[in-house]
Amino acid sequence: KIPVIIDCDPGIDDAIAIFMALASDKLNVRAITTVAGNVSIDKTTNNALKLTEYIGCDVKIAKGASEPLSGKKIHAEFVHGESGLGVFKIPDAMKQIYYKNAYDTIYEEALILEDKLQIIALGPLTNIAITILKYPEVKSKIQHITLMGGSAGYGNHTPAAEFNIYADPEAAKIVFESGIPITMVGLDATNKAYLTEEDLKEIKSFNNRASEFTFCTMMEFLKFCRKYGYDGALMHDPTAVAVVLDESFIKKQHLRVDIETKGEFTRGKTVVDIYKISGKEPNAYVVLDVDRVKFVEIVKGLLKKYTE
Ligand code: BDR
Ligand code: CA
């Protein structure tokens with residue numbers, strides 16, 4: 001099993017990504033660390049506690065950063081609702097957060113796992129950047145970071161930038177320049193990884209807690225996605241989890257990615273050197289295409305496990 005930490009800002013699609021990761025027998029989820037992003041840090045942390053208790057999984061939840069390294073804090077309640085879990089209501093959790101914060105937890109796990117730890121980052125990269133700044137030696141102890149963020153093309157929060165990177169460009173710069181092996185699962189991939197209404201109805205028929213959550217939140221999100229011309233509900237964060245499990249449904253290239261932190265119109269853009277013009281060493285595997293049908297099979301296979 002691959003030992004992973006899921007760093008996230010739940011978030012409706014973070015929630016589904018968590019359910020998938022916890023259902024997989026290929027992953028050993030060591031901890032979930034939370035960051036401010038889709039909603040405030042108190043809400044993302046509370047949601048992580050609630051979601052794991054709802055699904056019956058006792059994984060430790062460590063609280064992370066409440067704001068970006070610099071610049072203005074942004075949230076996305078217009079997508080994820082006031083609570084961060086869209087239209088879905090889950091009672092408050094009984095369990096408590098882990099006694100260590102997110103950065104100390106990531107460092108602790110990196111030491112315990114002796115270079116084997118992987119990170120799946122599904123929110124702004126603030127926690128990972130702080131861990132690198134606080135414990136620089138951690139860079140050689142993290143085996144791989146698979147992150148949902150960025151885009152080789154256009155953005156979804158500004159014309160140029162994807163939400164997770166835009167929410168903390170300085171942190172993204174630290175992570176992309178860290179030398180830690182990275183797979184970037186950006187909008188080039190995730191805008192093609194969607195669930196149609198038909199898929200969602202099939203998922204509902206699994207009749208378990210994870211499938212119920214996915215059906216309710218994604219049916220609502222589907223309305224939003226349709227406004228932008230998509231035929232289904234985009235599964236941004238679940239795509240990153242699926243990539244860690246099975247690369248057979250993606251096409252990726254090893255490329256140089258730089259983070260724009262200054263541009264008047266382009267702050268938070270991941271500048272992807274597709275034609276290798278810069279002459280700089282590649283620093284990320286950029287996922288550029290997905291086989292949607294295979295992706296949907298992976299999602300369904302994992303969500304079905306909660307019925308068994
Ligand atoms: C990303 O932004 C968030 O709103 C989602 O949870 C996902 O991580 C997509 O741009
Ligand atoms: Ca997210």
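What pLDDT does the protein chain average, and what share of the residues score at least 70? The chain averages a pLDDT of 98, and 100% of the residues score at least 70. The model is predicted. For the complex, the predictor gives an ipTM of 0.99 and a pTM of 0.98.

**View 1. Residues around ligand 1.** Ligand 1 is surrounded by 15 residues. The closest are Gly11, Asp13, Ala76, Phe163 and His236. By class, the shell holds 5 nonpolar, 6 polar and 4 charged residues.

**View 2. The cis peptide bond at Gly11.** The bond from Pro10 to Gly11 is cis. Its omega is near -5 degrees. Gly11 sits in the loop that runs between β1 (2–8) and α1.

**View 3. Helix α1 against helix α10.** Helix α1 spans residues 12–23, and helix α10 spans residues 209–227. Their axes come within 10 Å and cross at roughly 155 degrees. An angle over 145 degrees counts as roughly antiparallel, so α1 is roughly antiparallel to α10. The crossing is left-handed. From α1, the contact uses Ile12, Ala15, Ile16 and Phe19. From α10, it uses Ala210, Phe213, Thr214, Thr217 and Phe221. The contact has 7 nonpolar and 2 polar residues, with no charged residues.

View 4. Asn207 lies in the loop between α9 (197–204) and α10. Its phi is near 60 degrees. That is a positive value in a residue other than glycine.

**View 5. Helix α4 against helix α5.** Helix α4 covers residues 102–112, and helix α5 covers residues 126–134. They pack at an angle of about 65 degrees, with their axes 9 Å apart. The two helices are therefore roughly perpendicular to each other. Here α4 passes α5 in a right-handed crossing. On the α4 side, the contact residues are Ala102, Tyr103, Ile106 and Tyr107. On the α5 side, they are Asn127, Ile130, Thr131 and Lys134. By class, this contact has 5 nonpolar, 2 polar and 1 charged residues.

Note on methods. Residues numbered from 1 in each chain as written. Chains lettered and ligands numbered in written order. Predicted model: local features only at pLDDT ≥ 70, side-chain atom pairs only at ≥ 80, totals over all residues. Axes fitted to C-alpha atoms, helices over the stretch in contact; angles between N-to-C directions. Helix = DSSP H or I, 4+ residues; strand = E, 2+ residues; numbered from the N terminus. Parallel < 35°, antiparallel > 145°, perpendicular 65-115°, else oblique. Left-handed = near helix turned anticlockwise from the far one by under 90°. Contact = placed C-beta atoms within 7 Å. Nonpolar A, V, L, I, M, F, W, Y, C, P; charged D, E, K, R; others polar. pLDDT = per-residue confidence, 0-100. Near = placed C-beta within 6 Å.
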